[in-house]
Amino acid sequence: MSTNSEIEERAPRRRTWRDVDLRAVAPFAALILLLIIGALVNPNFIGLTNLANVATRSAFIAIIAVGATFVISSGDLDLSVGSMVAFVASLMILFMNSGAIADPSLMLVAAMVLAVVIGGACGLLNGLITTLGRIEPFIATLGTMGIYRGLTTWLSQGGAITLQSSELQALYRPAYFGNVLGVPVPILIILLVTAIAAFVLYRTRYGRHVVAVGSSREVARYSGIAVDRVRTIAFVIQGLCVAVAVLLYVPRLGSTSATTGILWELQAITAVVVGGTALKGGAGRVWGTICGAFILELVGNIMLLSNFISEYLIGAIQGSIIIIAMLVQRSLTRKS
Amino acid sequence: MANDGAIASVPVLAAERISKTFGEVQVLFSVDMDILPGEVHALVGENGAGKSTFIKILSGFQPPSSGRMLLDGEPVTLPANSTAEALGIILIHQEFNLAEHLTVTESLFLGREIARFGVLDRKVMRAETRRVLDVLGSRIDENALISSLAVADKQMVEIAKAISRDARVIFMDEPTAVLSREEAGVLFDQVRKLKAKGTSFVFVSHKLDEVMEISDRVTVLRDGQWIKTAPTSMLDGEAIAQLMVGRELSSLYPTKHEPDVDEEVVLSVRGLTTGYVQDASFELRKGEVLGFSGLIGSGRSELMEAIAGLRPRLSGEVFLHGEPLVAGDFREANRRGLAYMTKDRKGVGLLLDEGMTTNLTLQSLGQHLTHGYLDPASEAKAMARARRRFDIRVRDDRVRVGRMSGGNQQKLLLAKVMETEPQVIIIDEPTRGIDVGTKQQIYHFIAALAREGRSIIVVSSEMPEVIGLCTRVAVMREGHLVGMLEGEEISEQMIMRYAAGLRRKAAG
Ligand SMILES: Nc1ncnc2c1ncn2[C@@H]1O[C@H](COP(=O)(O)OP(=O)(O)OP(=O)(O)O)[C@@H](O)[C@H]1O
Ligand SMILES: [Mg+2]
């Protein structure tokens, strides 16, 4: 068209600071701010050992939250993740205690595979109940949350389930406490899981479908996307992430109980929201989620190292963080 | 400025040197306009010219970046957030502005509910709603949920909402884009009535015949600049179109190309019945452009959605290239080369929060996979191609689709559907909200597709479009396919006869 060129001339293609999406940057800015505050509170804080420790401890929530990013991006919610951790962990330990396989290495591998399969199956169940059953994800996963937790309590008879074979324990320990080139294994696993998730979300057809389904189910349907399948797979991904978290959790204590993972769903959702993913669905931000999980752990750490706030308030502080994050998100949306 | 009609009167509302900038992008450049009491002032211009932005500023929905406004000759700053309604200035949005979970009555009285002793007087409100709807000749149920209404009915509710208030100036942004000519006629009767009582109207439309019919003066915008304001009587459709695009337009419709009688039948529908559509049968040949005409609510979209598999069918069969098409499987239909372009671009067509490229390739991601992952470079190439092919104009490449002008959204939607390279294409309202220049391009595009051997169904409420473009026209009425016109028979009178139920014959 004749006028087209004019318009293009008028439109400057320069990138300016205005183009930066504030919502994507906000969590990282908050992280830097926290690091500065932490350094002021206690000089030990900023040390590499302490930060590596914090990162290691954030691993469970971070990995679960990566899965939650998929579920939330696709417009759903999974409240059952905390109970699922307890459930998958107890089954895994019970299997290892059963002595079904004599060779310890083989047994360990089999147990890990089992955990992944159970995690995926739990996620699939959540997904099918919400999509085929047409039940709100909030209610569906509230139900399975009760089921997974109840089954765990029953399996453990209200107590703890502990890995008995000391040989297996010794074999499995490095999965949480080990290093590769000085980097703790959990940190490597976080990075690996996040990198894979980011790739899936941003660079595959499935990832694009997740965004579409989360932004508008109707538009997705009219674009020939199998909406229910996309949502179900997101729940399965969530289940797999829970399983990976369990793989790191079991070697840490070598035991699990009916109270394992309580309120983890809240922390995972907080990490996702702090990371800049909108709770109403749409574009997910995997790296933001990791940043969010790290922020949560960091806040706890700062409170521990400082002497003026009781660490018993951690829950309250984390609760406030999710509210503040929502407020910040909303005001940034309005501005852009 | 030309002021012939009413020389003495002070403008109700006047805009002086209004400019508007979004971020770094300027979309309005020092635009003037005055609205006289009791006039209908048409505002026309190409897609993205800035019409919607301009009237949003005039009605207080957005502040101008510079310039001032005069109300009854006095400078005013319109209060933000639609409280300008209290001053009698009302805007009917191009995008609907209705809360989906309210009923028709509730949305009509939103913010000014009638209460008796502090209790809502539902009966009075319902009766009043019914009255306004009856005046508009609309059969919408006053208790229906907004979310359950068809697009045209939502538009009617918006109009009812505006005329039920004591308005001094009513801004209407493409109110007739989704209405049939009859419904538009009813609307215009109301406009004339209110106008006689002194209400002023600003009317944005791409339908230039309507502009000629209803308006007293016309203001033309081009690329955000004021071009001309003149009494309508001194212009004709041709002249307005030229002012809009800034060049001469050749013929609007391409020459028709009739397929041979022995061409392969690519789509055949037999006895299709859905909840509303009864026993519809027709055939579509290779290279044919088949029109579907009828009043709003005659079941055309429902029929098309059932064919495409977006809606369940109760009975009947659909054959694509001779093979039966499973009911309710849109993805399968897509895979086999049948595409459906919805008329509800905001509701089900486009992801408003995403960018253009995400939307463009959403339905055809398979083409952009290298070793199983998406290739952004290939997507960018497709985007550049689509922008050229469909003349999609945006001033900022990374704009969210929801912020694009209505017409450019429509072009993007068409581009998105065409990315799937379909053989059979059902287009529901192809030119909704599109300016004349682009309309012409789209018509030629459709004709070119047909010449390539693709088959197209055009569902349209714009009769000239169906007549100018199609070699056969099916007419629907109240869920039945009542007529199939060919050749000489295709005329406005004939279509109206069938659509109004004065004639019917067994569909061919
Ligand atoms: N909130 C916004 N932020 C950024 N750009 C915007 C915004 N609103 C509108 N624009 C841009 O302003 C320009 C004019 O848009 P506008 O909607 O006023 O056009 P229009 O004349 O109504 O077109 P149409 O006939 O297609 O409806 C477009 O390029 C659009 O992308
Ligand atoms: Mg507009």
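Analyst: The answer below begins with the ligand and then turns to the strands.

This is a predicted model, in which local features need pLDDT of at least 70, side-chain atom pairs count only at pLDDT 80 or more, and totals for chains, interfaces and linings use all residues. Residues are numbered from 1 along each chain as its sequence is written, chains are lettered from A and ligands numbered from 1 in the order in which they are written, and side-chain values use heavy atoms, with hydrogens and water left out.

Ligand 1 is surrounded by 19 residues, of which B:K51, B:S52, B:T53, B:S405 and B:G407 are the closest; a residue is near a molecule if one of its heavy atoms lies within 4 Å of it. By type, this shell contains 4 nonpolar, 10 polar and 5 charged residues. Here Ala, Val, Leu, Ile, Met, Phe, Trp, Tyr, Cys and Pro count as nonpolar, Asp, Glu, Lys and Arg as charged, and the others, Gly among them, as polar.

At the level of helices, α1 (51-58) and α13 (406-418) of chain B each supply at least two shell residues, and α1(B) has the largest share, with 3 residues. Helices (H or I, at least four residues) and strands (E, at least two) are DSSP runs, numbered from the N terminus.

Several polar contacts, that is, pairs of N or O atoms within 3.5 Å, can be described. An N or O atom in the side chain of B:T53 lies 2.5 Å from an oxygen atom of ligand 1. For the side chain of B:S405, the corresponding distance to a ligand oxygen atom is 2.8 Å. B:G407 takes part through a backbone N or O atom, 2.7 Å from an oxygen atom of ligand 1. Taken alone, ligand 1 exposes 650 Å², and the protein buries 88% of that; accessible areas come from the Shrake-Rupley method with a 1.4 Å probe.

The strands of chain B come next. Two strands pair if DSSP finds at least two bridges between them. One open sheet has 6 strands in the order β18-β21-β22-β15-β23-β24, with mixed pairing. β18 (338-341) and β24 (480-486) stand at its edges with a single partner strand each, so one side of each is left without a neighbour in the sheet. Neighbouring strands of this sheet are turned by 15° against each other on average, direction ignored; the axes are lines fitted to C-alpha atoms. β18(B) and β21 (residues 424-428) run parallel and are joined by 4 bridges, with B:M341 partnered by B:I427 in β21(B).

Another open sheet in chain B has 4 strands, ordered β14-β13-β16-β17, and its pairing is antiparallel. Its edge strands are β14 (280-285) and β17 (323-324), each of which pairs on one side only.

Strand β1 (residues 13-22) of chain B pairs antiparallel with β4 (residues 66-71) over 5 bridges, where B:E16 stands opposite B:R68. β1(B) also pairs with β2 (residues 25-35) in the antiparallel sense, over 7 bridges. Among the partners there, B:A14 faces B:D34 and B:F22 faces B:V25. The hairpin of β1(B) and β2(B) has 2 residues between the strands, and B:G23 takes a positive phi near 60°.

Technical notes
A polar contact is a pair of N or O atoms within 3.5 Å; within protein, one must be able to donate a hydrogen and the other to accept it, and residues adjacent in sequence count only if both atoms are side-chain atoms. Axes are lines fitted to C-alpha atoms, for helices over the stretch in contact, and angles run from 0 to 180 degrees between N-to-C directions.
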